[in-house]
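Dear colleague,

Please find the structure below, together with its sequence. My notes on the findings follow directly after it.

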Amino acid sequence: MHNNNTTDQTETTNLMTPVKGLLVLLGIIIVVAGFIALNTALGIHEFWAGFLFLLYWAGIEHFAWDKLAACVAGAIVGLLMACLVFALPRWLGDAGGLVVLALILVLIYCQVMGWLPVAINLTTMLFLTAGTIPAVQESVNFADAFISLGLAFIYFIGLVWVGMRVMAMKAATPANQ
């Protein structure tokens, strides 16, 4: 049976030779190791937040610059909401839980209605979902998660920007030089 459906991953794989694929893998290992080393050097243990941002911006939005503001704002709002899910019930008791529930319902309604799409979007919901996983809530240090997220903004956005500049310069250079 022949399937005419293709995905971005399949198309990329078909254009990639095994050697090029290994070189891309090596590049990914270096970038990921660099981010882990940066977090570790700063004593940050919650680097999952930075990788979650990278996963969404790279994997879903394909590093689209026009989607970057929504990815950044959504990540911040989602992580902040996850932090409130953790903090408000501790600060306000049962009333805090009700406030959190109301805030989440407002977020979902805004998402459904398409209101405030730069701040309330799928990135927001991804961070809210991941940040409210019970195992995460039990041991998360939200200050570290926010720092790692900020580092990810600087590190990954910076690397993509530099990479795009290098590729543009290579493309502008005549092949005979």
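Y109 is partly exposed, at 45% relative accessibility; the term covers values between buried (under 20% relative accessible area) and exposed (over 50%), with a 1.4 Å probe and protein chains only. W115 is also partly exposed, at 42%. Please note that this is a predicted model, in which local features need pLDDT of at least 70 and side-chain atom pairs count only at pLDDT 80 or more, whereas totals for chains, interfaces and linings use all residues. Residues are numbered from 1 along each chain as its sequence is written, and side-chain values use heavy atoms, with hydrogens and water left out.

Surface patch

Y109 and W115 belong to a nonpolar surface patch with L98, L101, L105, I108, V112, M113 and L116. Together these residues have about 940 Å² of accessible area, computed by the Shrake-Rupley method with a 1.4 Å probe, where only the protein chains shown count as cover for residues. Such a patch takes residues with over 30% relative accessible area and no salt bridge, joining nonpolar side chains (Val, Leu, Ile, Met, Phe, Trp, Tyr) within 5 Å and like charges within 9 Å. A salt bridge here is a side-chain nitrogen of Lys or Arg within 4 Å of a carboxyl oxygen of Asp or Glu. I108 lies in helix α5 (residues 94-113) and is partly exposed at 38%. Helices are DSSP runs (H or I, at least four residues), numbered from the N terminus.

Nonpolar cores

The largest nonpolar core has 28 residues; a core joins buried Ala, Val, Leu, Ile, Met, Phe, Trp, Tyr and Cys residues through side-chain atoms within 4.5 Å. Helices α3 (48-60), α4 (65-92), α6 (122-131) and α8 (142-172) each supply at least two of its residues, and α8 gives the most, with 10. Another core, apart from this one, has 11 residues, including M81 and V100.

F53 and W57 are among the residues with the most contacts inside the largest core. Beyond four places in sequence, F53 touches L68, C71, V72, F127, L149, A152, F153 and I157, contact being heavy atoms within 4.5 Å.

Aromatic pairs

There are 12 aromatic pairs, counted where ring centres of Phe, Tyr and Trp (its six-membered ring) lie within 6.5 Å; planes under 30 degrees apart are stacked, over 60 edge-to-face and the rest tilted. F53 and W57 form a stacked pair, 5.9 Å centre to centre with 20 degrees between the planes. Both are buried. Y109 and W115 pair edge-to-face, at 5.2 Å and 85 degrees.

Yours sincerely
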